[in-house]
Amino acid sequence: MTSPISTRRHGDVLIILSNNPPVNALSTSVRQGLVDAIAEAEGDDAVKAVVIACEGQTFFAGADITEFGKPPQQPWLPVVVDTIENCSKPVVAAIHGTALGGGLEVALGCHYRVADKSAKLGTPEVKLGLLPGAGGTQRLPRVAGVRKALEMCATGNPIGAKDAFDCGLVDRLVEGELIPHAVAYAEEVRDIRPLAKSSERQDRMADSAPGIFDEFRTANAKKFRGFEAPLKNIEAVEVATQKPFAEGVIEERKLFMELMSGEQSAAQRYFFFAERKASKIEGLPENTEPRPIHKVGVIGAGTMGGGIAMNFLSAGIPVTIVEMGPEALDRGAGVMRKNYEASAARGKLTAEQVERAMGQLSPTLDFAALADCDLVIEAVYENMDVKKDVFARLDKIAKPGAILASNTSYLDVDEIAASISRPADVLGMHFFSPANIMKLLEIVRGAKTAPDVLLTAMGIAKKIRKVAVVAGVCHGFIGNRMLMPRQIEATKLLLEGATPEQIDRVHVEFGMPMGPFQMADLAGVDIGWHRDPTRVETIRDQLCAMERWGQKKGAGFYDYDEKRRPSPSPVVQQVIEDFASKQSVQRREISDQEIVERTLYTMVNEGAKILEEGIAQRASDIDVVWVYGYGWPVYRGGPMYWADSVGLAKIVEGLKGQEERMKPAFSFSQLLLDKAAKGESFTR
Ligand code: NAD
């Protein structure tokens with residue numbers, strides 16, 4: 001096999017070139033090739049300086065993920081990086097595309113870094129529950145400064161080349177051809193001694209003001225809540241400020257191994273692959289080709305329609321948005337503009353980008369304007385008759401081959417499809433609120449949905465940077481369906497003696513962003529309410545009748561002050577107790593464990609049903625839905641992965657213990673029972 005690493009000479013500079021498509025991952029052969037090439041430079045007196053560069057779309061973009069989970073092969077990355085740094089001739093990294101993870105560590109092993117202006121540099125290891133383990137946490141603060149290193153390592157977010165230049169991580173920014181510039185730079189520095197070894201530098205450590213680490217931990221406490229890896233990254237960077245490099249790397253290795261062998265990183269690495277797998281559609285004929293999408297239509301400019309439209313506009317795809325009246329249309333377009341301008345105010349977009357996006361929007365009251373759209377997404381009221389009426393009109397005017405999608409949360413996509421003349425063109429595209437921000441998109445495959453329609457929807461999801469998961473038709477698809485048993489049991493637990501605060505606390509301590517009642521207050525307690533204040537059958541009906549509709553009314557399951565800070569509500573407590581006595585429910589002390597079993601174990605059970613009914617293609621898809629759609633803590637992998645960690649036998653035992661109390665709403669998933677009995681799991 002030929003090595004992905006080749007060398008060539010330009011004058012007295014040795015150019016080491018990697019060609020390992022698609023992203024120049026640091027596979028074993030690349031690592032070996034780098035070590036060999038440095039030896040070649042050492043052994044040749046005519047070589048006075050070295051440039052390390054990559055062919056193709058990017059500099060080394062990280063580790064080779066196909067080597068994950070296998071026994072590590074030599075030479076290990078730390079050795080490669082040390083070898084580069086110990087070269088007796090100056091080594092210059094020529095960075096384009098992305099220098100990420102191990103790629104950045106290689107660049108840090110070099111004595112200088114030259115980067116294309118559009119390059120990005122980062123240490124995303126924390127997102128896999130790890131830290132840069134080849135000396136990265138020790139070299140980065142010495143080169144880029146402590147504050148920058150802290151931010152990069154603990155958040156995993158990459159920085160742009162300009163930012164990298166400003167903090168000293170990059171020595172020269174280049175526009176135009178990178179390698180000739182890097183060679184010229186190497187010529188400039190070829191005689192400078194001593195060599196600027198990252199591991200020996202102290203000049204950038206000055207900004208390690210006392211307290212910087214504690215301040216950083218406090219400032220990011222919310223973001224890092226529950227995660228181990230950010231804290232270990234911070235600790236490792238702190239070590240760099242306290243100990244010489246040789247001791248620092250030993251400490252770094254220890255922290256790395258703790259993370260690597262821990263449960264969180266295992267879950268995060270699992271999730272990384274789960275997300276990639278989600279885009280694969282089972283059972284698609286091999287020759288399926290996507291339909292071209294040049295123009296998108298959105299019907300309804302309400303909460304969802306506006307956000308949905310923004311996704312396409314941001315991706316440069318023109319959108320026609322249709323409403324029923326001028327007021328709703330203006331309001332919808334106004335909200336979109338306001339959202340874009342808020343992003344611009346935060347520096348995320350330029351004013352020009354805002355105008356470009358809004359310039360691609362055609363708001364109209366004329367349904368016929370949808371005639372030239374390749375994809376139309378309906379986001380009108382959640383009502384079957386209204387949806388059927390909209391689809392009937394679409395059927396008449398949409399061009400042949402146009403894809404007709406519904407954003408329904410619960411309605412039967414097959415029934416909608418069957419009501420028109422082209423059911424094969426229909427599918428669900430279920431966005432999550434706020435639709436311009438939430439990453440998840442459930443693509444609902446109807447019984448008649450054509451393979452190319454499905455494939456197109458998955459492709460367009462990627463284009464608008466969503467994580468798409470295929471779901472089958474059922475009430476609530478994957479995500480909302482699993483919410484239902486949780487909601488039922490959470491409400492019953494209130495009657496039996498738990499408080500909204502206790503139930504929410506258990507969920508937040510578990511790692512969810514909020515509990516079921518906090519979520520209800522945020523989304524609106526009145527969502528789906530029948531709107532008849534005299535008809536009071538549930539606690540929720542009662543709260544709605546009292547106009548306790550949640551945060552927007554300053555009262556819901558909690559009371560809110562003017563800053564929307566919640567406090568337990570004596571009124572709600574009274575409502576709960578009155579209901580309990582009316583229904584003769586015996587009130588008792590509820591343990592946190594019971595809450596876990598009745599709200600989280602039941603979700604796992606529902607997930608298992610979703611799997612056995614073929615609604616989800618695979619267990620890991622369910623996990624993707626919950627992490628991206630509802631904020632399930634990624635360090636627990638997702639509900640199905642988490643169930644495997646707990647042990648399915650234990651889940652079944654817990655559910656059996658609660659079965660009597662949960663009847664008749666609850667019934668066991670046969671798949672869960674079978675797997676538990678056989679000692680099997682869902683995700684491993
Ligand atoms: P919304 O009430 O905010 O907006 C619906 C809009 O559709 C209104 O502006 C209305 O004027 C317009 N509309 C109604 N009939 C129309 C017609 N015939 N032609 C053109 N416009 C029409 O509702 P929403 O929250 O945006 O929900 C829309 C859909 O998205 C529903 O099916 C809902 O279940 C689903 N959904 C909502 C959420 C959420 O959190 N709000 C999340 C996912 C999916």
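In this predicted model, a polar side-chain atom of Ser409 lies 2.8 Å from an oxygen atom of the ligand, a polar contact being a pair of N or O atoms within 3.5 Å, where within protein one must be able to donate a hydrogen and the other to accept it, and residues adjacent in sequence count only if both atoms are side-chain atoms. The protein buries 81% of the 830 Å² that the ligand exposes when taken alone, with accessible areas coming from the Shrake-Rupley method with a 1.4 Å probe and, for residues, only the protein chains shown counting as cover. A polar side-chain atom of Lys387 is 2.5 Å from an oxygen atom of the ligand, and an N or O atom in the side chain of Glu323 is 2.5 Å from an oxygen atom of the ligand. Among the 20 residues around the ligand, those that come nearest are Met304, Glu323, Glu382, Lys387 and Asn407, a residue being near if one of its heavy atoms lies within 4 Å. At least two residues of this shell are supplied by each of α13 (303-314), α16 (384-397) and β15 (426-431), where helices (H or I, at least four residues) and strands (E, at least two) are DSSP runs numbered from the N terminus.

Residues are numbered from 1 along each chain as its sequence is written. Because the model is predicted, local features need pLDDT of at least 70 and side-chain atom pairs count only at pLDDT 80 or more, while totals for chains, interfaces and linings use all residues, and side-chain values use heavy atoms, with hydrogens and water left out.

Turning to charge, the count of salt bridges comes to 48, each being a side-chain nitrogen of Lys or Arg within 4 Å of a carboxyl oxygen of Asp or Glu. One of them pairs Lys117 with Glu175, whose closest N and O atoms are 3.4 Å apart. This pair links distant parts of the chain, 58 residues apart, with Lys117 in the loop between β6 (112-116) and β7 (120-122) and Glu175 in the loop between β9 (172-174) and α7 (178-189).

The backbone also deserves attention. Most residues other than glycine have a negative phi, and most peptide bonds are trans. A cis peptide bond, however, joins Pro21 and Pro22, with omega about 5°, and Pro22 is placed in the loop between β2 (13-18) and α1 (28-43). The bond from Arg193 to Pro194 is cis as well, with omega near 0°. Arg465, which is not a glycine, has a positive phi of about 60° and lies in the loop between α18 (451-463) and β17 (467-472).
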